[in-house]
Protein chains: 2
Amino acid sequence: MIKLLLYEDNPQLREGLTMLISGSEGFEVLSAFKNCDNVVQEVEAFNPDVILMDIDMPGVNGLEGLKRIREVNGSVKILMLTVFDDNKNVFQAISNGANGYILKKTPPARLLEYISEAQTGGAPMTASVATQVLKMFSSMNNEKGEDYNLSEREKQVLQLLVEGYSYKMIASEMFIAIDTVRSHIKKIYEKLHVNSKSEAVAKAFKDKIV
Amino acid sequence: MIKLLLYEDNPQLREGLTMLISGSEGFEVLSAFKNCDNVVQEVEAFNPDVILMDIDMPGVNGLEGLKRIREVNGSVKILMLTVFDDNKNVFQAISNGANGYILKKTPPARLLEYISEAQTGGAPMTASVATQVLKMFSSMNNEKGEDYNLSEREKQVLQLLVEGYSYKMIASEMFIAIDTVRSHIKKIYEKLHVNSKSEAVAKAFKDKIV
DNA sequence: AAAAAGTTAACATGTTTATGTGGTTGATTA
DNA sequence: TAATCAACCACATAAACATGTTAACTTTTT
């Protein structure tokens, strides 16, 4: 039996969702509220498995409610409900520890699946929301223009440099002579267009070589 | 009618998926291949709407195939198929422009939905995969844990170290004696719990001090 | 098969760092 | 007011690093 709390300001939708969920085998809505004004106390009192949280509510809204809950409870699953797949809200919700982000137009059967998935550790999200997430993900990640053509061995050496190994330690770690380490490093400097260990390490991070 | 190409090395699964998809109203598998060796030519020849791409294939695997397609075609929708929800592969696939990432155990009916969603611009992913994505998302966005209590002056020195300045250059840049630079750096090492320039630089990046 | 690139290694020379010990000054805090 | 801390400076020594040259051998590419 999955126990839920519901936060939704629209009375019709609140009633409808409660009826739908509580009327389904294995689901029970413990209580439903029209805003998050006392969300912390309510969550503590009812100790639900999953919370359905509308984003747009008068008073304390869903994002703020999410934050408040996460300050005291990191384990309850929270599914955000919204009418839009709004970029900004999605980002906010994810950063604040929401477990999923689904649209209100989600068909009832699917909604119940999503709740189950959230309860078992999944992060259900509608495809349109996932699109936003993926866009953000790839935009904030990498551009990594140059390749630098480091050979395998050179990458290994650079990796160890980054980890703070001295030439001597690298030599012993890689079973080669210290002079060979020097050779590799010289080559690395040429390829990265740097001339010191620190610069190489910095570049390795910046350009995500390691 | 959604036109698909299928890449999957397992003959049974390949046949099964082809039968399933082509046997469904509104879907058509144009062709199915057991590896990505000629993926670019095939995609150009068939011009599909959606591509189902297995990750693990002999020869050119799915991730490499994805990359090759994206080099010449940014619009075709590509859904990655895998048996696991493997962290590393998910990351790779997303970075390389996959439109969705679904598990092979996905029930047939749901698979068809996913294909439709991808075709209309969504990014379907199973809840378990989404969990990985969200974890990565919030981990790369986190605030630095420790503060390390670096003084203003120490931060400046560290900043210059990261940029590859030698002690001498730092001294002249900051209008202080080289021995003072040493003092600062010693203090920095203590505070960061490191004992070499490279480690300090690496830590500066990792913990977003600079 | 020839050319190019990668890996290994040695030798030499000068520079830079890491580390220790010592100190002065001025501002903040207990 | 005494103590603490940040910022400053100096001298000394051993270790680590940067740079140059040379060269044998292997693998990959052309």
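A nonpolar core is here a set of buried Ala, Val, Leu, Ile, Met, Phe, Trp, Tyr and Cys residues that are joined through C-beta atoms within 7 Å. In this predicted model, the largest nonpolar core holds 82 residues, of which L52(A), L79(A), L52(B) and L79(B) touch the most other members. When residues up to four places away in sequence are not counted, L79(B) touches V50(B), L52(B), M53(B), N99(B), G100(B), I102(B), Y114(B), I115(B) and A118(B).

Between the two protein chains, 28 residues of chain B are in contact with 29 residues of chain A. On the side of chain B that touches chain A, two or more residues are given by each of the elements α4 (87-95), α6 (127-140), α7 and α10 (197-206) of chain B, and the largest share, 8 residues, comes from α6(B). By class, this side of chain B has 15 nonpolar and 10 polar residues, together with 3 charged residues.

Around DNA strand D there are 19 residues, of which Y167(A), S151(B), R153(B), I176(B) and D179(B) come nearest. The surface near DNA strand D draws on both chains, with at least two residues supplied by each of α8 (167-174) and α9 (178-192) of chain A and α7 (152-162) and α9 (178-192) of chain B. The largest share of this surface, 4 residues, comes from α9(A). Sorted by class, the surface near DNA strand D has 8 charged, 6 polar and 5 nonpolar residues.

Terms used. Residues are numbered from 1 along each chain as its sequence is written. Chains are lettered from A and ligands numbered from 1 in the order in which they are written. This is a predicted model: local features need pLDDT of at least 70, side-chain atom pairs count only at pLDDT 80 or more; totals for chains, interfaces and linings use all residues. A residue is near a molecule or strand if its C-beta atom, placed from the backbone, lies within 6 Å of it. Ala, Val, Leu, Ile, Met, Phe, Trp, Tyr, Cys and Pro count as nonpolar, Asp, Glu, Lys and Arg as charged, and the others, Gly among them, as polar. Two residues are in contact if their C-beta atoms, placed from the backbone, lie within 7 Å. A residue is buried if 20 or more other C-beta atoms lie within 10 Å of its own, exposed if 12 or fewer, and partly exposed in between; C-beta atoms are placed from the backbone.
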